[in-house]
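Visitor: I have just opened this model and would like a short tour. Could you walk me through it?

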Amino acid sequence: MTSSQMTKIAVALGACFAVYKFVGHPAAKAMALGVAGVIVGRQTPYVKDAL
């Protein structure tokens, strides 16, 4: 994984964390956790093949 790929992932996960931390609506928090899970899942080799 290159540093530019790592930067893109870090920015996306940072945005998800910001939504989770600062938005009070429970549905928005659930969405942020779901999106973060997909981002991490696409980087995990076993899960990446299943997706």
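Predicted model: local features only at pLDDT ≥ 70, side-chain atom pairs only at ≥ 80, totals over all residues.

Visitor: Is Ser4 buried, partly exposed or exposed?
Guide: Buried would need under 20% relative accessible area, and exposed over 50%. Ser4 has 43% relative accessibility, so it counts as partly exposed.

Visitor: With which side chain does the side chain of Ser4 make a polar contact?
Guide: A polar contact calls for N or O atoms within 3.5 Å. The pair here lies at 3.2 Å, and the partner is the side chain of Thr2.

Visitor: Over which ring does the charged end of Lys29 sit?
Guide: The cut-off for the distance to the ring centre is 6 Å. The charged end of Lys29 is 5.1 Å from the centre, and the ring belongs to Tyr20.

Visitor: Which residues in α2 are buried?
Guide: Helix α2 runs over residues 26-43 and has 18 residues. Its reach from first C-alpha to last is 26 Å, close to the 26 Å expected. The buried residues in α2 are Ala28, Ala32, Ala36, Ile39 and Gly41.

Visitor: What share of the residues in the protein chain is buried?
Guide: The protein chain follows the pattern α-α-α, with three helices and zero strands. It exposes about 4000 Å², of which carbon and sulfur atoms supply 70%. Out of 51 residues, the buried share is 14%.

Note on methods: Residues numbered from 1 in each chain as written. Heavy atoms only, no water. Helix = DSSP H or I, 4+ residues; strand = E, 2+ residues; numbered from the N terminus. Expected span 1.5 Å × (residues − 1). Buried < 20%, exposed > 50% of the residue type's maximum accessible area, 1.4 Å probe, protein only. Lys NZ or Arg CZ within 6 Å of the ring centre and 35° of its normal. Areas by Shrake-Rupley, 256 points an atom, 1.4 Å probe, with all protein chains shown as cover. Polar contact = N/O pair within 3.5 Å; in protein donor to acceptor, adjacent residues only side chain to side chain.
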